[in-house]
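User: I am new to this structure. Please take one close look at the pairing of charged side chains, and explain each term as you go.

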Amino acid sequence: MELQVTNSPFSQEQAELLNRLIPTLTEHQRIWLTGYIAGLQGPAQVQLSVPAGIPVHSDSTTPVQASAASKEVTVLFGSQTGNSDGLAKKLSKKLEGLGFEVTVSSMGSFKTANLKKIENLLIVVSTQGEGEPPDNAIPFYEFLHSKRAPKLESLRYSVLGLGDTSYEFFCQTGKDFDKRLEELGGKRLADRVDCDVDFEESAQAWMSQVAEALGQGAAGQTTAVSASSEGVTVQESEYSRSHPFHAEVLENLNLNGRGSDRETRHIEISLEGSNLQYEPGDSLGIYPENHPQLVAELITAMGWNPDELVPVNKNGEQKPLQEALLRHYEITVLTKPLLTQVAELTSNSGLTKLLAEGHEQELRSYLAGRDLLDLVTDYSLQGAPAREFVALLRKIPARLYSIASSLKANPDEVHVTVRTVRYENHGRNRYGVCSVQLAERIQPGDSLPVFIQHNPNFKLPDNPDTPVIMIGPGTGVAPFRAFLGEREETGASGKTWLFYGDQHFSTDFLYQVEWQRWLKDGVLTRMDVAFSRDTGKKVYVQHRMLEKSKELYQWLQEGAAVYVCGDEKKMAHDVHAALATILEQEGGLSPEEAAVYLTDLQQQKRYQRDVY
């Protein structure tokens with residue numbers, strides 16, 4: 001926002017000077033200047049400010065003053081796909097650059113006995129499924145919410161939550177941590193920030209807030225260390241989520257046989273010239289485009305001019321409306337915050353009623369499976385101004401796909417396995433945004449904006465002799481193709497066992513020839529398959545696991561690591577239940593003991609999941 005005489009307490013000359021200075025400041029310079037001004041005013045007058053539009057929530061009224069804060073800071077993260085992990089490490093580098101002694105740890109590795117000793121605690125955590133903590137956060141979450149949790153009157157803390165506003169329990173895990181730490185006596189350094197899928201700007205704002213709160217009185221150190229802090233940035237990859245690499249597509253094949261009800265694309269992408277690196281277990285982020293037909297229908301329904309210039313980011317950049325809706329804005333998912341803003345913009349009585357208290361179930365039902373075209377037609381929103389309307393939309397999020405290749409086996413390439421989503425709902429044909437683009441509108445030679453999403457929570461064992469059990473039905477088998485490709489290249493000697501399932505053996509056996517070759521060569525020790533539509537009774541991977549319970553239990557006793565990839569809502573729960581049953585049947589454990597056994601496996605990183 002530009003300072004003006006009308007929106008600030010400054011004179012015209014002062015406003016002009018500030019408008020020339022502020023855009024040129026680095027982040028470290030802004031923090032230093034904030035501390036300097038605070039020092040002139042005295043600690044009692046320090047106020048934390050948040051840029052407009054950043055979602056900040058708290059039950060407290062005033063963040064704690066930290067002028068006498070310890071220089072030791074603990075950063076704990078709970079992460080399923082790696083986003084919280086990555087942000088925690090960025091925060092650590094930022095604070096170390098400001099002179100703090102920072103300890104970074106996964107919640108799953110953190111020793112809860114040390115919690116009482118911590119003075120400054122920063123939490124970065126995502127939310128899974130229906131408001132649940134990520135796998136590596138579960139032990140710490142349960143401890144903190146148990147009667148064993150200590151009083152924390154000397155604790156200063158702040159929470160950054162990652163989530164998705166299209167889910168009902170948006171950032172619930174972050175909210176739970178924030179509330180519980182306050183209940184235990186902790187004081188907020190800075191208010192909790194809840195991030196949507198486009199989290200970079202909100203996360204950076206929170207980091208600055210935290211740095212300011214911790215750094216009162218430490219402004220003099222900022223300049224001294226800024227050079228080394230900037231050096232960290234230089235070492236980071238040139239391409240990232242916020243600056244994707246436009247990669248050439250080398251191959252695009254349908255893996256399903258003729259007559260299959262499914263279409264699964266094997267996409268090979270060149271990373272040549274990008275210097276992007278990945279490991280098995282990481283994901284590839286792809287920024288998709290919306291379906292041109294949906295964009296055209298939406299513009300027609302609203303009576304908009306496709307060539308009208310509209311903003312596409314907060315820097316004031318403008319693009320023609322058609323291009324903005326095609327490449328920049330999400331139009332296939334509805335969220336409660338979006339409906340609330342649209343109701344305010346349009347003064348639509350029907351929407352206002354839907355959002356009113358007492359209509360929660362009706363709203364929940366409406367949001368499920370509908371898109372922006374449904375909204376504008378169901379509530380007759382034609383005529384709403386395009387510029388104001390699109391400004392309410394969130395950025396189209398990247399789609400993450402488990403990488404199906406080993407960089408050692410395929411230098412300068414990355415492969416993904418994508419199932420095409422097409423279905424009919426509410427009287428219209430619907431499309432998976434990215435999957436249908438890949439299936440119908442991307443050919444070899446075309447390019448895609450991509451980045452690598454590192455996931456340290458889904459990695460092969462450090463010891464190549466460790467037995468590995470892999471459970472991945474459907475496209476969930478993708479990372480295990482990467483695992484075996486890597487183990488073949490490195491000559492890992494540990495035995496491997498793959499459980500794979502799909503609908504039909506004859507048409508849906510993804511990568512069948514490769515599994516058979518790896519079985520022949522000994523890279524894959526054994527494989528059990530379940531094709532659910534080939535028998536009268538549907539058989540899934542968890543059934544095959546139970547059939548092999550004695551052998552599977554023996555592998556666990558030998559120290560095997562278990563990996564699960566695929567659908568979180570049903571498959572992952574069924575597989576988890578099967579593992580618990582095997583422990584009870586073969587190990588003689590009670591249900592409670594089996595649950596503790598699996599939790600211990602997770603903490604030892606011998607039970608890892610990549611679920612979605």
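Analyst: The model is predicted, so local features need pLDDT of at least 70, side-chain atom pairs count only at pLDDT 80 or more, and totals for chains, interfaces and linings use all residues. Residues are numbered from 1 along each chain as its sequence is written, and side-chain values use heavy atoms, with hydrogens and water left out.

Arg 517 is partly exposed too, at a relative accessible area of 36%. Glu 488 and Arg 517 form a salt bridge, with the closest N and O atoms 2.9 Å apart. Glu 488 sits in helix α16 (residues 478-490) and Arg 517 in helix α18 (residues 512-521), so the pair ties together parts that are 29 residues apart in sequence. Helices (H or I, at least four residues) and strands (E, at least two) are DSSP runs, numbered from the N terminus.

What makes a salt bridge? It takes a side-chain nitrogen of Lys or Arg within 4 Å of a carboxyl oxygen of Asp or Glu. Side chains of opposite charge can pair when their charged atoms come close. The whole structure holds 38 salt bridges.

Now look at another pair. Arg 188 bridges to Asp 178, and the closest N and O atoms are 3.0 Å apart. This pair links distant parts of the chain. Arg 188 belongs to strand β6 (residues 187-188), while Asp 178 belongs to helix α5 (residues 172-183), ten residues apart. Both Arg 188 and Asp 178 are buried.

Next come Arg 192 and Asp 194. Their side chains meet in a salt bridge at 2.8 Å, N to O. Arg 192 counts as buried because its relative accessibility is 7%. Asp 194 has a relative accessible area of 1%, so it is buried as well.

How do these two pairs relate?

In strand β22 (residues 607-611), five of five residues are buried. Arg 609 points one way from β22, along with Tyr 607 and Val 611. Asp 610 points the other way, as does Gln 608. In a regular strand the side chains alternate between the two faces of the sheet.

Methods:
Buried < 20%, exposed > 50% of the residue type's maximum accessible area, 1.4 Å probe, protein only.
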